[in-house]
Amino acid sequence: MSKVKALTSRLSFFGLAVIFLCLKTYILYKVGFSIYSENARQEFLLMLNPLSSSILLIGLSLFFTNKLRNVMVIVTSFLATLVLYFNLLFYRFFTDFLTLPVLFQTSNVQDLQGSITELMSFADLLLFVDIIFLFILLMKKKIPTVQRKKREAIIMVAVAVVIFFINLDIAHKERSELLTRSFDRELLVKNIGIFNYHTYDAYIQSQSRAQRVLANSSDIIEVKNYTQANYKEPDPEMFGIAKGKNVIVLSVESLQSFVINETLNGEEITPFLNDLIKESIYFDNFYHQTAQGKTSDSEFLLENSLFARSSGAVFFTHAGNEYHALPEILGEKGYFTSVLHANNKSFWNRDVMYQSLGYDRFFDINSYDVNEDNSIGWGLKDVDFFEQSIELLKSQPEPYYSKFITLTNHFPFELGEEDRLIDEYNSNSRTLNRYFPTVRYTDKALEVFFDRLKEEGLYEDSIFIIYGDHYGISENHNRAMSMFLGKDEITPFDTIQLQRVPMIVHIPGYDKHEINHTVSGQIDLKPTIMHLLGIESKKDIQFGSDLFSPERESFAVLRNGSFITEDYVFTNETCFNKEDGTKTERSYCEPYFDRANQDLEYSDKVIYGDLLRYYEKEE
Ligand code: GP9
Ligand code: MN
């Protein structure tokens, strides 16, 4: 008993500081960062998540001896509080959390410097009250000075690690793909805590830093030679056909090609798109090429004609890179460029990445009136999103390049009864069943959008690029999917064919409508759009080619190395005949191996080495 007492007294000062820091962090979550929780478990996580890092941080002082030990308790508490406070100031300005790149290299911090005093408030001193209290205790000699016991310090580190893993386990139950798939900073802070989030951020950043340091300016020459050798001349008839027009890009959430021109219980799933296709150029062999970065990967492919990363999200890991992206290029040609998406701006690190891509404006959730009545699932319903976007569109100077990102057709495909225009499917997969009504709803939303554009006179002077961002139905639902497609099973070949997403180029007034079968992917969007607007792309480093180019080869490589040619599909180390999906000799696919690998490798090289910083624009 006396041992316990002795230990409690030895650790009392340290323990008090830990409790203070945890409490303070939690209060700040609620008051400073307005973090809400949707259930009791999330609230518990918020309380728990400062604990491991607080023990670890302040626990460092236990490695010191005698008087110094207590002083270090105060010093570490103070430093931790400073981190909290910097985040708070940053949050007041950007409603976002600090990351290392924004701290060191973007204009964000300069923006902040100017107004830092305005962001501070007298009440902020409350954050330091506990430090002052600890200091007074120490001064009044209320705290015993104890000999160092190294074991104590090591045990504390171990305790912190154990608590961290318990925390992580609960967090994973809340959000299963927390660290691999989701790079929403608020979500990370919510789940693993603000200090652990900073550690994670530092790790991610250091990883990519190293490769960047090793790269040099000659690296880009090799890449440039490669991409230029693959450059395809535009079709003279299409080049500049939309010169000076507004560009409206519609990134449609989780829309896959298998629903196009298809019915469920005799009802069309996408009646509006089916009609639109008849008045457009429709690409029916167009593949999404995204990986873990999902929507953000598709955005990256579109704007840069570079592949996103095979793991993690390039929007998060390489937002500080130099790019020569479509918004920047169009901006130089006098376009106003914007993104319209009713989600938090920090989701996928968009706020930071959009600056690197050269966007003028991001209309995020704060530009929309979002309430309980007009939201479902991930947020604002698509119809309301488009309706509210009309005014935003009208507020922009012309010509503009505006990218819309829809949201309602997102897993888990929730929809209110009033918005259900067709019935659910009936299979063992709840996900697939619910997919059809939400797709149908988004199709309706697109129709509303086009109607409104026509009413407002915004339609005629625009061209439309409409595509699906990535798959909505994963391989987990193969059984139900095979039932819907009327197949015995979903083979690896079918899985690849299911990665097709619709891609529509709609040019008002252009009457050569067709279905174009060229094998292509999101990487081809940038040169295609540039050429339609009459902008040369020959000097650019890009891995896609103009979809209208007469020289174009039918070819698409997916992020995992699978590829599709005119006649073959290569996946799972197997070559398939495209015609009937049967396995065939590997040698038929072999001629394309180099091309597929080199595309991916060179593209990665550009990103990891930040090679576009050496890119020189030649006029
Ligand atoms: C979120 C939206 C959906 O802002 O883009 O993201 P996803 O999960 O599809 O990447
Ligand atoms: Mn998406």
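1. The side chains of T571 and S562 are joined by a polar contact of 2.9 Å, where a polar contact is a pair of N or O atoms within 3.5 Å, one of which, within protein, must be able to donate a hydrogen and the other to accept it, residues adjacent in sequence counting only if both atoms are side-chain atoms. T571 belongs to strand β17 (residues 568-571), strands being DSSP runs of E with at least two residues and helices runs of H or I with at least four, numbered from the N terminus. T571 counts as buried at 7% relative accessibility, since buried means under 20% relative accessible area, exposed over 50% and partly exposed in between (1.4 Å probe, protein chains only).

2. On the basis of the note: this is a predicted model, in which local features need pLDDT of at least 70 and side-chain atom pairs count only at pLDDT 80 or more, while totals for chains, interfaces and linings use all residues. Residues are numbered from 1 along each chain as its sequence is written, chains are lettered from A and ligands numbered from 1 in the order in which they are written, and side-chain values use heavy atoms, with hydrogens and water left out.

3. The protein is divided into domain 1 (2-179 + 187-203) and domain 2 (235-293 + 325-549), with bounds that come from an automatic or database domain assignment. Taken over C-alpha atoms, the centres of domain 1 and domain 2 are 42 Å apart.

4. E253, in the loop between β1 (246-252) and β2 (263-264), and D469, in the loop between β11 (462-468) and α19 (478-485), are 216 residues apart and link distant parts of the chain. E253 is buried at a relative accessible area of 2%, and D469 is buried at 0%.

5. Ligand 1 is surrounded by 13 residues, the closest being T295, H341, N343, R350 and H410, with a heavy atom within 4 Å as the criterion. Oxygen atoms of ligand 1 lie 2.5 Å from a side-chain N or O atom of H341, 2.7 Å from a polar side-chain atom of N343 and 2.7 Å from one of R350. The protein covers 100% of the 300 Å² of accessible area that ligand 1 has on its own, as given by the Shrake-Rupley method with a 1.4 Å probe.

6. Helix α13 (residues 294-304) is mostly covered, with 11 of its 11 residues buried, among them K294, T295, D297 and E299. Just after α13 comes S305, with a positive phi of about 55°; S305 lies in the loop between α13 and α14 (314-317) and counts as buried at 0% relative accessibility.

7. Other backbone features deserve a look. S34, which is not a glycine, has a positive phi of about 40°; S34 is in the loop between α1 (2-31) and α2 (40-59) and is partly exposed at 34%. A cis peptide bond joins E398 and P399, with omega about -5°, and another joins F411 and P412, with omega about 5°.
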